[in-house]
Structure formats: C-alpha cells, structure tokens
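Work through the exercises below with the structure in view. Each task is followed by a solution in steps.

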Amino acid sequence: MLQLKNLGLSCANERWFRPPVWNSILHDINLKVQAGELVALVGGSGEGKSLLLQTILGLLPSTMRSSGQILMDDCIIDAAQQQTLRGNTLGYIPQSVSALNPLIRTGKQIQRAAKLSGKTPSDETIYQQLQRYNLPERLLEQYPLSLSGGMAKRILVSCATLSQARFILADEVTAWLDSHHAEILLNHLKNLCNQGRGILWITHDLHLAANFADRIAVLHQGTIKEVIHSCVLRHGGGSAWLQSLWQALPEQHFTHTPEPLYHAASA
C-alpha cells in the first residue's frame with residue numbers, strides 16, 4: 001500500500017538579503033492507494049496535482065519543501081529510499097511528452113526504462129505492447145520529434161507499464177489522445193490493477209474518472225476535499241458541490257445513462 005499522511009508542500013518566495021517566505025501549496029493531504037486499485041486524483045489546473053506526484057517521487061526543486069509522511073507498506077520512506085524506489089517500485093508517467101529524450105530512438109528508451117526497473121523485455125513483448133496501443137513497430141526506430149503528441153504519450157505509458165513498478169503514478173495519461181485510444185489505455189491500466197498493481201492517476205476528466213477509477217479523490221484549494229467510490233458518484237452520492245460538478249458535465253445531459261440502482265447496492 002502507498003499512503004500519504006498529512007502531506008504538505010510549500011514554495012519559497014525569495015527575497016533579497018532576507019530569508020525566503022514559504023507559501024503553502026498543498027496541506028493535510030491524506031490518501032491511500034492499495035495494490036490492485038486505480039485511484040483518480042481529480043482537480044482543476046494549478047491545484048498542485050503534478051507537484052504531488054513529484055513529491056512522492058522526491059523530484060521537487062530546491063525552492064520547494066514537503067512535510068508529512070509518505071509510507072510504503074506502512075513503513076515511512078525517506079529521501080534516500082525515494083531515490084531507490086523510483087523507477088522500479090514507483091513508476092512514473094509524466095504529463096509532458098517532452099520527457100522523452102529527443103536524441104534517443106524510442107525503442108532504446110523503452111528498453112532502457114524497463115532495464116532500469118529490473119526487467120529486460122524481449123522484442124516480442126515490446127511489439128505486443130505497441131500493438132495494444134495501436135502503435136506501429138516502425139516507431140521503435142524513430143526519434144521522439146517525429147511522433148505526434150498522442151503517439152509520444154503512449155510511448156511514455158509503455159515505458160512505465162513494461163517496468164516492474166508495483167505502483168504507477170500517472171499524470172494526465174489521456175492527454176493528447178482521442179476518446180477511443182484513451183479508453184484502450186485506461187482499460188489496460190485496469191488490467192494491470194487486476195494483476196495486483198496500484199495506480200494513482202491524475203486527471204481533469206471527472207467523467208473518465210467515474211467510469212474507470214475505483215475511487216476518486218477531489219483536490220480543491222490545496223487539500224483533498226473528498227474521497228468517493230466512483231459507483232457512489234454515478235448514483236448521486238457525495239457532497240452537493242461534487243454532484244453539481246458531476247451533473248454539469250455534457251455527458252450527463254446528452255449521453256449518460258444512469259446505471260440500475262441494484263448495481264450500486266452490489267458495489
């Protein structure tokens with residue numbers, strides 16, 4: 001289990017010849033991600049969602065500092081352990097497609113990411129992964145700059161999902177993707193959860209979160225306001241504020257069909 005306990009994040013406001021003033025960005029973050037569970041962290045732009053993932057990974061710049069505890073299997077992990085866990089126990093799918101090295105062919109980058117995690121996938125395994133995401137094999141010999149944004153995003157996902165990571169921190173994995181490819185990718189992530197992995201997924205899309213995540217955590221004004229099972233949200237549960245966001249989605253007015261209530265009871 002990956003757990004965040006009273007986690008906080010502050011940013012330094014530098015001043016000439018005086019100590020910096022630390023401004024709070026996140027505070028009192030409490031969240032658990034179990035093995036086999038897909039948890040969606042939903043929030044608006046600028047809420048600090050990506051910074052939260054970087055805090056877990058120990059990738060914050062020197063102008064930021066964190067407080068609270070990060071636990072793995074009920075054991076507190078420190079900065080040295082974060083570095084050790086990064087890439088093998090904790091996988092990361094960054095939001096920006098510029099995370100791919102423009103000077104290395106995509107095939108080499110996938111192999112290197114898997115090898116750093118302790119796994120050496122065969123060429124056949126990599127080909128199968130590309131086919132799963134509707135990517136042609138020729139991309140392995142191409143450089144990232146020749147890829148579309150959606151292709152590059154799926155390559156980044158491949159780097160993480162081919163690793164040995166027990167927990168995957170996925171930042172806006174459906175960005176750059178149309179709805180068809182987004183659903184293919186999310187269904188694969190669900191399959192990974194069924195195999196025992198845990199996934200913390202950052203997204204703006206409440207509709208996708210409600211349809212694919214097991215639980216949804218809502219980040220607002222620097223803290224987690226609510227954690228709710230997706231089936232409960234779909235059947236009118238949660239706070240009035242969250243339900244107002246849910247009902248305001250275009251899918252609710254035009255394409256969404258409520259599930260039978262007996263499904264909610266069995267869930």
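A residue counts as buried when its relative accessible area is under 20%, and as exposed when that area is over 50%. The model used here is predicted.

**Exercise 1.** Find which strands pair with E8, and in which sense.

Solution. 
- Step 1. Strand E3 (residues 38-42) pairs with E8 in the parallel sense, over five bridges. Within this pairing, Leu-38 has Ile-199 of E8 as its bridge partner.
- Step 2. Strand E7 (residues 167-171) also runs parallel to E8, and five bridges join the two. Here Ala-170 stands opposite Trp-201 in E8.
- Step 3. Between E7 and E8 the chain passes through helix H6 (residues 179-194), and this β-α-β crossover is right-handed.

**Exercise 2.** Give the strand order of the open antiparallel sheet and name its edge strands.

Solution. 
- Step 1. Four strands make up the open sheet, in the order E2-E1-E4-E5, with antiparallel pairing.
- Step 2. Strand E2 (18-33) and strand E5 (75-76) each pair on one side only, which makes them the edge strands.
- Step 3. Strand E1 (residues 2-15) is joined to E2 by ten bridges. One of the bridge pairs is Leu-2 with Val-33 in E2.
- Step 4. Helix H1 (residues 49-57) packs on this sheet and touches E1, E2 and strand E4 (64-72). The direction of H1 makes about 105 degrees with that of E1.

**Exercise 3.** Check whether the radius of gyration of the chain agrees with that of a compact globule.

Solution. 
- Step 1. For 267 residues, a compact globule would have a radius of gyration near 18 Å.
- Step 2. The chain has 19 Å, which agrees.
- Step 3. Along the principal axes, the C-alpha trace spans about 60 × 50 × 35 Å.
- Step 4. Of the 267 residues, 47% are buried. The chain contains eleven helices and ten strands.

Methods: Residues are numbered from 1 along each chain as its sequence is written. This is a predicted model: local features need pLDDT of at least 70, side-chain atom pairs count only at pLDDT 80 or more; totals for chains, interfaces and linings use all residues. Side-chain values use heavy atoms; hydrogens and water are left out. Two strands pair if DSSP finds at least two bridges between them. A crossover is right-handed if, with the strands pointing away from the viewer, the path from the first strand over the helix to the second runs clockwise. The radius of gyration is taken over C-alpha atoms; the globule rule is 2.2 Å times the number of residues to the power 0.38. Buried means under 20% relative accessible area, exposed over 50%, partly exposed in between (1.4 Å probe, protein chains only). Contact means heavy atoms within 4.5 Å. Axes are lines fitted to C-alpha atoms, for helices over the stretch in contact, and angles run from 0 to 180 degrees between N-to-C directions.
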